Amino acid sequence: MNWKRAGIAAACVVPVILVFGYGLTKDPKEIPSPLPGHEASPFALEVFAPGQPPLNRAPGDTVRLADLKGQVVVLNFWASWCLSCRDEHQILSETARSYAGKPVHFLGVLYDDEADNGTKWIAQMGGQSYPSVMDPGALTAINYGLYGVPETYFLDTNGRIAYKATGPVNERLIRHFVDSLMAAGAK
Amino acid sequence: MTRVPGVLVFVVSTALAAAQPAPRQGSVAPAPQSAFADSVLDARTAAVASQLRCPVCQGLSIQDSPSELSQQMRAVVKDQLRAGKTPDEVKAYFISKYGEWILLEPKPHGFNILVYAMPVALVVAGLAVIVVAVRKWTRPPSPTP
């Protein structure tokens, strides 16, 4: 065996295998967000879907992030044309209702859609416990580094982004983040 | 009803027209200037937008993508440039929201260096192989005993 040739071949092939191997350890669909740990962008958005008592807000009201300091905020971006949003709608709505009276604020943000479509969709889905707001020009969506819908952001009581969930959320994930952020805020 | 003579109408309307103030220069001149400013802003927007990746596409810039999100991102680029931000500041804004992934051309540091170094390394390795092979082929045959 020619050890010199074998060594050269190995020196050429091994780094390539290592690079591709490193690539295989990463999920190509997962795009890391730089936002968790950073202060959430402020917003002032108008309510178009009021939600249901006791979480409701009057249509036309402006929801400001600054007014929600001291509360955990669950910000869910959705659209009526988004099929995956159907999967999480009931879970979000029911989980939000179960936190009524606690320092948690659930808010839907309609992305790239008309208020009428959003209102009809909510009615078709059997209602929504918490209010939804419009995002003209998708400025808030871009400020939150949105890739698509649904995406859900969990903000701590100091207005910092703690976690970003891409795709439909489940009840366990919502409760995990809301409970831990509420506990951290109570300290 | 008394009819007004045509000559009188002509004289009065001519006098009124002459009495109208001439259009001020300021109201006419800015049109081409603002069109020029718009086209410069559009060109600057296109230059920045072509360096930013469309989040919902495969390998397209927000300049080339017809997606709604890309159009909205282009509008943000334009607004920020209009507000006086530099192209680097606009790119820094998008990096702060989406990470360096948003740049179509990654910055040459860390693991990204491989993207720039690999092609050069491959070319150098290829040249080395060619040199070795050519030397081998052109080496005079060793004298046979």
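Domain bounds here come from an automatic or database domain assignment. The model is predicted. Chain B divides into domain 1, residues 33–105, and domain 2, residues 108–136. The centres of these two domains of chain B, taken over C-alpha atoms, are separated by 34 Å.

The interface between chain B and chain A was examined next. On the chain B side, 18 residues are in contact with 20 residues of chain A. The two chains bury about 1,500 Å² between them. Carbon and sulfur atoms carry 62% of that area. In chain B, the residues that lose the most area to chain A are B:Gln72, B:Lys97 and B:Tyr98. Together they account for 37% of what the chain B side buries. Polar contacts link five residue pairs between the chains, with both residues at pLDDT 80 or more.

Three helices of chain B each supply at least two residues of the side that touches chain A: α4 (68–82), α5 (87–98) and α6 (113–138). Helix α5 of chain B gives the most, with six residues. By class, the side of chain B that touches chain A has twelve nonpolar, three polar and three charged residues.

Within chain A, A:Ser93 sits in helix α2, residues 84–98. Its relative accessibility is 5%, under the 20% limit, so A:Ser93 counts as buried. Beyond its neighbours within four places in sequence, A:Ser93 is in contact with A:Gly127, A:Gln128, A:Ser129 and A:Tyr130.

Backbone geometry in chain A was also examined. Most residues other than glycine have a negative phi, and most peptide bonds are trans. The peptide bond from A:Pro53 to A:Pro54 is cis, with omega near 5 degrees. A:Pro54 is found in the loop between β1 (44–49) and β2 (62–64) of chain A. The bond from A:Val149 to A:Pro150 is also cis. Its omega is near 0 degrees. A:Pro150 lies in the loop between α4 (139–143) and β6 (151–155) of chain A.

Positive phi values occur at A:Asp112 and at A:Ala138. For A:Asp112, phi is about 50 degrees. This residue is in the loop between β4 (104–110) and α3 (115–124) of chain A. A:Asp112 counts as partly exposed because its relative accessibility is 27%. For A:Ala138, phi is near 55 degrees. A:Ala138 is in the loop between β5 (132–134) and α4 of chain A. With a relative accessibility of 1%, A:Ala138 counts as buried.

Key
Residues numbered from 1 in each chain as written. Chains lettered and ligands numbered in written order. Predicted model: local features only at pLDDT ≥ 70, side-chain atom pairs only at ≥ 80, totals over all residues. Heavy atoms only, no water. Contact = heavy atoms within 4.5 Å. Buried area = accessible area lost by both parts, 1.4 Å probe. Polar contact = N/O pair within 3.5 Å; in protein donor to acceptor, adjacent residues only side chain to side chain. Helix = DSSP H or I, 4+ residues; strand = E, 2+ residues; numbered from the N terminus. Nonpolar A, V, L, I, M, F, W, Y, C, P; charged D, E, K, R; others polar. Buried < 20%, exposed > 50% of the residue type's maximum accessible area, 1.4 Å probe, protein only.
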